[in-house]
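Welcome! Here is a short briefing to read alongside the structure.

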Amino acid sequence: MALRLTQSEFEILRDNDKCISCQVCVRQCANDVHSYDEEEDTVYSEDSSCVGCHRCESLCPTGALKVKRKDPEFKENFNWTQSYLRNIYKQADSGGVILTGMGCDRPYRIYWDHILFNAAQVTNPSIDPLREPMEIKTFIGRKPDKLEIESSAWRNRITSKASYAENNAEIKAGEVDNKIYDNLAHGLELKTKIPPQLELSTPIMFSAMSYGSISLNACKSLAAAASQFGTFYNTGEGGLHKDLYRYAKNTIVQVASGRFGVDKDYLSNAAAIEIKIGQGAKPGIGGHLPGEKVSSEISSTRMIPIGTDALSPAPHHDIYSIEDLAQLIYALKEATEWEKPVGVKISAVHNVAPIASGIVRAGADFVTIDGFRGGTGAAPLVIRDNVGIPIELALASVDTRLREEGIRHKASIIVAGSIRSSSDIIKAIALGADAVYIGTAALVAMGCHLCQKCYTGKCNWGIATQDPYLTKRLNPEIGTRRLLNLLRAWSLEIKEMLGGAGINAIESLRGNREHLRGVNLTERELSILGIKHAGEAW
C-alpha cells in the first residue's frame with residue numbers, strides 16, 4: 001500500500017443549517033470537490049481536491065459555504081515552512097516537477113509600494129482633469145532622430161520677405177517676420193517620414209495570453225475591449241483564431257520559438273508584431289500546452305495535429321546572436337511591407353539593460369520587459385519563484401542605459417509583470433516606460449480568483465480552460481464590459497494623478513524620476529531606481 005503524506009491546502013466549512021442541498025456547488029465545481037448523496041439528501045465535500053477558487057462559495061444561494069486556507073498541520077519552523085514540506089511530499093508521491101500558474105507570490109520586496117508620487121502646490125498649480133484638457137494618448141514605435149518641418153504656405157505663395165512686404169504695404173518691415181510666422185503656422189508639413197506607430201488612447205494594453213492557455217471567450221473579451229477603448233491586446237504565441245480577425249487594427253501578434261500559427265494571414269491581421277524571446281514567469285525555458293487542451297479549434301489555429309503537445313523550445317533555433325535577431329526583425333518588417341512596428345519581448349533578468357540595448361540596435365521598434373511576477377498559465381514552481389528580477393529595477397536600468405547610449409528614442413519601452421493598479425502605471429511611466437501590459441489584472445476583472453491552477457484546464461470561472469461546459473461560464477459581452485470599466489477607471493485615475501502633479505500630458509512624465517521618491521529603500525536600491533529618498537528636495 002502506497003504511503004501518501006500530501007495534505008489538503010484548503011478546508012470547506014459547510015453550515016448544514018443553511019445548506020438546502022440544492023447542488024449548485026456540485027454542478028459548479030470542476031474538481032469534483034462536492035458530491036450529493038441521494039439517500040441522505042446531503043452534500044459532502046472532499047477538502048483534498050479543493051484548489052481555493054471560491055466559485056462554490058460565491059454562488060451558494062444561502063451562504064452556507066466558506067472556503068479557507070487550512071491551519072498549519074506541521075510544527076512551526078521558520079526554515080522548513082509549510083510550503084517546502086508540502087512540496088517535498090508532493091514530489092515524493094509523484095516524482096515530477098511541480099507546476100503552478102500565475103506569477104511569483106513569494107514575499108520579495110514590491111518596489112511599487114516603496115515609491116511615492118509627487119503633487120503640485122503653490123508655484124506649480126495642479127490641474128483639474130474635469131475642466132482642463134489632459135492628454136494620455138501614447139504612441140508606441142521608433143521615433144526619428146529629428147523632425148524636418150516645411151510650410152506649404154511659404155513654399156507655394158511666399159518667395160521672400162521682400163515680396164511679402166511689397167504686397168502688404170501696411171505691414172511695417174519689423175513686423176514681416178511675425179506676420180509670415182502667423183501665416184505659416186496654419187500650413188506646416190512634416191517632411192520627416194515617421195516610422196509606423198501604435199496609437200493608444202491610454203498607456204495600457206492587454207498582455208500576451210494565448211488561445212489555448214485561456215478560452216476563446218476570454219480572448220474575445222480582451223480583443224473587443226481593446227478595440228472599443230482604442231488600445232491593443234496581444235495574442236500570445238497561440239496563433240490567431242479567425243473569429244478575432246475583425247479586431248486586426250487592435251491586435252499585436254506574437255512570433256515565438258514554436259512559430260505556432262505564423263503565416264502571412266497571421267501577420268497581415270495585426271497592427272504590430274512581437275518576437276517573444278522570454279517570459280517573466282519562466283525566464284530561460286520554453287512553453288508547453290498539454291495535448292489534452294489541443295482541440296480541433298486550437299489545432300487549426302496553432303497549425304498542429306489535434307491532441308498533440310504544443311512545445312515551444314527554450315531558444316529560437318534561428319537566433320543565437322543579436323545579428324540573428326536583427327535578421328528576423330527585418331524579415332518580419334519586409335514581410336509586412338514596413339507598415340507595422342516590430343518589437344521584442346524579454347524576461348527581466350540580471351543583465352537586462354545590455355540585452356535591451358542590443359535589441360534596440362538590432363532594429364526593434366519597441367522592447368517589452370516582463371518582470372518575475374508576471375503571470376503564466378503553467379510554469380515550474382522552482383523557476384517561477386527563483387529566476388528573474390523585479391520589473392521596477394529592470395525598467396529603471398534599461399531606461400538609464402538607453403538614455404546614456406543616446407538611443408532611447410529609437411524604441412518604446414513596454415513593461416509587464418504584476419501591474420496591479422493605476423498608481424503602478426504612473427510610477428512605471430515616471431521610471432521610463434512608454435506603456436504597460438496588464439495580464440493578471442485583466443483576468444481578475446473577468447472573474448479570476450488567482451487559485452493558481454490554470455495548468456489543470458479546470459478553471460471554474462471559464463477563463464483558463466478549453467472545457468466546453470466551463471468556457472460558457474464566461475460571457476464575452478460581460479467580460480468586455482468589465483474590462484472596459486477597468487480601463488476607464490484606471491485612465492481616469494491616471495488623469496487625476498497627473499493633474500495633481502501639475503502635468504497635463506503623459507509625455508511630460510515619461511522618465512521624469514524627479515516626481516518619484518523612495519521610502520524604506522537602501523541607498524543601492526535608490527541608486528538603481530534613479531530616485532531620491534522621501535524628504536529630499538529637487
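A residue is called buried under 20% relative accessible area, exposed over 50%, and partly exposed in between (1.4 Å probe, protein chains only). By that rule, P315 is partly exposed because its relative accessibility is 33%. Please keep in mind that this is a predicted model: local features need pLDDT of at least 70, side-chain atom pairs count only at pLDDT 80 or more, and totals for chains, interfaces and linings use all residues. Residues are numbered from 1 along each chain as its sequence is written, and side-chain values use heavy atoms, with hydrogens and water left out.

- Helices (H or I, at least four residues) and strands (E, at least two) are DSSP runs, numbered from the N terminus.
- Strand 11 (residues 204-208) pairs with strand 12 (residues 233-234) in the parallel sense, over 2 bridges.
- Opposite A208 stands N234 in strand 12.

**Around S213**

- The loop between strand 11 and helix 7 (216-229) holds S213.
- S213 is buried because its relative accessible area is 19%.
- At 2.7 Å, the side chain of S213 reaches the backbone oxygen of S210.
- Beyond its neighbours within four places in sequence, S213 is in contact (heavy atoms within 4.5 Å) with residues including L289, K293, R302 and I463.

**Around P315**

- P315 sits in the loop between strand 16 (310-312) and helix 10 (322-335).
- P315 and Q452 are 137 residues apart along the chain, and their C-alpha atoms are separated by 26 Å.

Note on methods
Pairing = 2+ DSSP bridges. Polar contact = N/O pair within 3.5 Å; in protein donor to acceptor, adjacent residues only side chain to side chain.
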